[in-house]
Amino acid sequence: MPTKRELARETVATYASFLVDGANEAGGQQCAVDVRNQLANILRISRSNLDLATALTEESAYTPEQKGEIVRNVFVDANPVLKEVLAVMAERGDYALLSRVWASYTEQLEKKLNVTVVDVTTVVPLDDALREQIINKTKADLGTDVVLNEKIDKSIIGGIVMSANGRRIDASVASQLEHARNVLKES
Amino acid sequence: MMKKRAKKASARIGVLAGAAGAVAAFPTLAFAEQAEAEASSGISVILPHMVEFIPMLVAFIVLAIILWKFGWPMFEGMLVKREQTIKNDLEKAERDRIESERVLSDYKRQLDDAKNQAAQIVADAKQTGEGVRADLAAKAKVESAAMIEKAHATIEADKKTAVAELQASVADTAVAVASRIIGQDLSDDEHRAIIARYVSEAGSFNAN
């Protein structure tokens, strides 16, 4: 008899698999990557908005139908497949599994579509030459196709920060200056 | 010696008593003799008349016997008693002198003992004082050394703290200046050049 933890893992994998397949059928690899990015944004919003998180996770707050309606209305601009999956999760009381669904989605994206999304943070927009250089490097490291998810963040001062599948390469000027500051303080 | 002088004194007293007794017993004869002496002359002047001499002698003998029988023992008893008293007084004085000398000796000894004890007390007090002074000096020396060491440690710690704070301040300032220079003075192309260099020099995902 499967344990509760195993059941939850299977549930998470099922949601993630349905999302990957649905996004891929709807728009191919790029659509799957877009869904991945939208899912990351929704996860961040859910974590920062306590009222929304309470409404969607507390059992006594709203009825399942009301929770599904809330999701559809709040994330109205999201990918339709993603929106429907989130609504079903809310109706079934599984919305608290969202962070695990996102992690599983990333894994299955890599397994099923042989693609890894690399989050790239810089202070200036990348040009094509840089994108090609980054893609070639990450391809060589990860052994899969790579899709870049570019972000601009002035706080890193310069350089680049790359992360994929929970691993991170911090080649930013901010981190190097911080390292230099620590060296100066300890010397 | 005392007895000889007592006998001489008693003899003189006997003669005087005999003469006094004769004068008292025969006053008429005395006056008659005086009148007869005035009338006679020659050796008979100095020779006693038997008529007078014998009663005087008898009276003298009687008086001497009485004195020897009653007066002398009483007088001798007084002398003996006096002698005994003087002897006792002398012995008592001698004993007192010996006692006083003994007491004086005791006093001197006690005084010497007291002086010795006082000297010993003073010496002990002096030694104790010197010991206490030495202890205090040693303690003060140790405490002062500890205070100096603590002060040195505090100064060293403050110095290290100040140096660390200065280093941190310098580091913060240097980083702030570098951040401003890089963030504001670099163009987009220069940023991209840095990115390209960092990407080529960055480690692998597999290495993390």
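The model is predicted: local features need pLDDT of at least 70, side-chain atom pairs count only at pLDDT 80 or more, and totals for chains, interfaces and linings use all residues. Residues are numbered from 1 along each chain as its sequence is written, chains are lettered from A and ligands numbered from 1 in written order, and side-chain values use heavy atoms, without hydrogens and water.

**Pocket**

The largest pocket has a volume of about 700 Å³. A pocket is an open set of points on a 1 Å grid over the protein atoms alone, where a 1.4 Å probe fits, with protein on both sides within 12 Å along at least five of seven lines. Grid points are joined across faces, edges and corners; the volume is the space filled by probe spheres set on them. The lining holds 27 residues, and Arg36(A), Ala40(A), Trp102(A), Asp119(A) and Ser163(A) are the closest to the centre. Lining residues have an atom within 4 Å of a point.

In chain A, α1 (4-48), α5 (98-113), β1 (115-122), β2 (145-152), β3 (159-164) and β4 (167-172) each supply at least two lining residues. Helices (H or I, at least four residues) and strands (E, at least two) are DSSP runs, numbered from the N terminus.

**Positive phi**

Neither residue below is a glycine.

| Residue | Phi | Loop in chain A | Relative accessible area |
|---|---|---|---|
| Asn114(A) | about 50 degrees | between α5 and β1 | 37% |

Asn114(A) is partly exposed. Buried means under 20% relative accessible area, exposed over 50%, partly exposed in between (1.4 Å probe, protein chains only).
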